[in-house]
Amino acid sequence: MKDVVQLTEGWQLSHDGTLLEARVPGCVHSDLLTAGIIPDPFIGTHEKDVAWVGRQPWTYQRPLSYEESAASGHERTDLVFDGLDTAARITLDGVELGRTRNQHRSYRFDVTGRSGALDVTFTSAYEEAEAVRRLTGDRPNVYPEPFQYIRKMAANFGWDWGPTVVTAGIWRPVRLERWSTARLARVRPLVTVDGTRGRVELRVDLERTAAGTDRPLLAQATVAGVTARAEVGGDEATVVLDVPDVRLWWPRGHGEQPLYELELTLLDGDAPLDTWQRRIGFRTVELDRSADEHGTGFTFVVNGERIFVRGVNWIPDDVLPSRVTSERYRHRLEQTAAAHVDLVRVWGGGIYEDEAFYDTCDELGLMVWQDFLFACAAYPEEQPLRGEIEAEARENVVRLMPHPSLVLWNGNNENLWGFRDWDWEQPLAGDSWGEGYYLGVLPRVVAELDPTRAYSAGSPWSGSWDHHPNDPDHGTHHSWEAWNRRDFTEYLADVPRFVAEFGWQAPPALATLRRALPGEKLAPDSPGMLHHQKAEDGNGKLNRGVARHFALPEGDFDRWHYLTQVVQARAVATGIEHWRAHWPRCAGTVVWQINDCWPVSSWSAIDGDGRLKPLHHELRRVYADRLLTFQQGPDGPELTLSNLGAEPWTTDVTLRLLRTDGTLSARVSLGLTVPAREVLRLPVPPEVRPADGATKEYLVADSEELRAVHLPVPDKEFAYPQPRFDIAVETVGGDPDTVDVEVISHTLVRDLLLQADRVAPHATADRGLVTLLPGERTRIRVRGAAGVGANAIRAALFCVEPA
Ligand code: BMA
């Protein structure tokens, strides 16, 4: 039987004539940080101080003993790297084993009978990229650094939410595999289901030793108590498992996520040679891109059910991705799922994530849309890139295809759009730019290796060159005009078929800023704040975003911080509420972006230290099965109930017309039923409709826990009363760490927010923005706030104030 020896211990990194202890998997930056040689690039402006690390070569070394590589009694010993970042030369006892130039591939070297010093020397990623650029010629790029000439996580080279931290290292596990006769070189499960009859076709490729050539072997597979075998004469076999009565895997919110252990064993007679295990799920996924009266749709259909996607975009959770443990993936994805998200798009400037990411998505029922790794640039199609890209695509398609959560392969991020709109055509002058990958190599690889899954050439993409790549009426759309140039109310102007990106920035939580910018007197434009804001005119856009709705606070950082967060939450909610109201014409929204890779002002809902912004709470509201909103109709506001649940929603909605002095003008109750997965819109009855332009009356709808508020004028024109409320702080059931904050309002209190991290850095609150009417009370539970008193809570409470 094959045996495996992990080679994670015993590595050293040479630096300046000395040897440092090296962590594997890891990267040079982590080792230098541990050794105290570099400052933390996440703090202050230290990013600049560590730039040199990415610009020089680095060598990792470790002895490989005779016992490890030769004394096992096996015919073959392979040295296997799951990931090398990026351009490396590997030598054993001074003899070159090979060279690599792709972070997104694994590498296997035959080291049978060999021992001695194992050296892995990384060339600077810049040097490798520039050498390739000299071969292929220059190509346009939205960003200044040369990431399209090297197969390495693009976001290491800086992004509009990320620092430039160009890593090197053995970033994924490394091991010896010792085997005889044959091993399982590649296993592809094609999983289908018809009704409740599941089928797994296992396509198996072997590698044999010289002595094992032609030896008759057996491949035996088991799933859900069903076993099947196939004889293997050559290097290929197919094992077919027919499984009656399977339980279907569903996206979260649509059903359960039963997973089945699938095991394959390669046998020589009775003796096992190698095994392979994965957890699979039975479900069908189709992408309905048929033409209709509105254009070309983009609707995911899982197990025959058409789905409005409640999505988020995912970026690498750390600019040093080797630091992201399984536990951290789980925590971040649980936070994601807690916002009622059902799809995560792994964005093309990052990585093919670790197994733990996809395993967790399988368990949580989070659908995964996986980009191939191309973003925001023209990519040359010449060698050596072309061969690397095909090999990388083949390997990662095979690695990820067992996961039931994976629902889509997507060719790239914004490159088809870039070619059309970002003035690339002239500088390209006919040179290759990546189209051959997105419309040629990649769909061919997916069709060959993973034929049960859909492929889309890019995001955005209209389906063909007949329409503009970002045409909202055809396929996927990225909605960036609102953030870049206009107000978020612009979202209301379009009904795209599928919104694959849109978003609004806000700074991270205060405790995150305090940790990242120690000693800084915080201001929107203080040096550290500006350094941790990477977007073009980011602060200008933040400020204009606030100023369109509220008085822009001058010299009051805390209020600026609060209002930017309110605007972020409102902006994204405005988009989702509107687009959801147009289901099934619009079949999904994918918010840019759920997470961060360091502490930064960005579009994220979860900041770089893992703290939830108010946007996260708002997502939980607008992505819940039941949503109550007001949408603008042709004749004024329309009460809109959206039911994404599987059951009809029957409810009493109370509509109230209120005055800012606290008095009630009119009230109407409506008994309504919204069928499952449908939207109900009805004009607001005239008696509760505020007069156009009224500044002292407003409309509120309530249904159970849900509330919608409609002001007839923009916030800054509305005559908000001076907010007045009392609070009471109570410890909860003997737990000294948890308190309930009861808020009793005497006036309209709009978008009340308890910023728990101001009370204690690790404290969390279970509510985001809350609007209270005069005389109402609400409870906010705060965890991690031992011994906190009312004064500290008061200081952490913010709400909208009169202009
Ligand atoms: C989209 C993304 C990212 C970018 C984001 C915010 O274009 O694809 O490249 O970070 O917008 O600008």
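Before the first entry, a note on names: helices (H or I, at least four residues) and strands (E, at least two) are DSSP runs, numbered from the N terminus. I am working with a predicted model, where local features need pLDDT of at least 70, side-chain atom pairs count only at pLDDT 80 or more, and totals for chains, interfaces and linings use all residues. Residues are numbered from 1 along each chain as its sequence is written, and side-chain values use heavy atoms, with hydrogens and water left out.

**Entry 1: a loop with two residues to check**

I started at Ser 180, which sits in the loop between strand 12 (174–179) and strand 13 (182–194). Is Ser 180 buried or exposed? My cut-offs are under 20% relative accessible area for buried, over 50% for exposed, and partly exposed in between (1.4 Å probe, protein chains only). Ser 180 counts as buried because its relative accessible area is 17%.

Next I listed contacts, meaning heavy atoms within 4.5 Å. Leaving out residues up to four places away in sequence, Ser 180 touches Gly 73, His 74, Glu 75, Thr 209 and Leu 273. With His 74 there is also a polar contact, side chain to side chain, at 2.8 Å. For that term I use a pair of N or O atoms within 3.5 Å; within protein, one must be able to donate a hydrogen and the other to accept it, and residues adjacent in sequence count only if both atoms are side-chain atoms.

Thr 181 lies in the loop between strand 12 and strand 13 too. Its phi is near 70 degrees, a positive value in a residue other than glycine. Thr 181 is buried, because its relative accessibility is 10%.

**Entry 2: another positive phi**

Asp 16 is not a glycine, yet it has a positive phi of about 55 degrees. I found Asp 16 in the loop between strand 2 (12–15) and strand 3 (18–21). Asp 16 counts as exposed, because its relative accessibility is 74%.

**Entry 3: the ligand**

Which residues are around the ligand? I took a residue as near if one of its heavy atoms lies within 4 Å. That gave Trp 159, Asp 160, Trp 161, Trp 347, Cys 376, Asn 413, Glu 414, Trp 480, Glu 501, Trp 592 and Trp 603. By class, this shell has seven nonpolar, one polar and three charged residues. The classes are Ala, Val, Leu, Ile, Met, Phe, Trp, Tyr, Cys and Pro as nonpolar, Asp, Glu, Lys and Arg as charged, and the others, Gly among them, as polar.

I then checked oxygen atoms of the ligand. One is 3.0 Å from an N or O atom in the side chain of Trp 159. For the side chain of Trp 347, the distance from a ligand oxygen to an N or O atom is 3.2 Å. A polar side-chain atom of Glu 414 lies 2.6 Å from an oxygen atom of the ligand. Taken alone the ligand exposes 310 Å², and the protein buries 91% of that; these areas come from the Shrake-Rupley method with a 1.4 Å probe, and for residues only the protein chains shown count as cover.

**Entry 4: cis peptide bonds**

Trp 592, from the ligand shell, is joined to Gln 593 by a cis peptide bond with omega about 10 degrees. Gln 593 is in the loop between strand 32 and helix 16 (614–622). Trp 583 and Pro 584 are also joined by a cis peptide bond, again with omega about 10 degrees. Pro 584 belongs to the loop between helix 15 (557–580) and strand 32 (588–591).

**Entry 5: helix 5**

How far does helix 5 (residues 326–338) span? I took the expected span as 1.5 Å times one less than the number of residues. Helix 5 has 13 residues and should span 18 Å, and its end C-alpha atoms are 18 Å apart, so the two agree. Its buried residues are Tyr 329, Arg 332, Leu 333, Gln 335, Thr 336 and Ala 337. Their cover includes strand 25 (309–314), strand 26 (343–346), helix 6 (355–364) and helix 16. Just after helix 5, His 340 takes a positive phi of about 60 degrees.

**Entry 6: Arg 781**

My last stop was Arg 781 in strand 45 (residues 777–783). Arg 781 counts as partly exposed because its relative accessibility is 28%. Its side chain makes a polar contact with the side chain of Asp 740 at 2.8 Å. Thr 764 is 17 residues from Arg 781 in sequence, and their C-alpha atoms are 8.2 Å apart.
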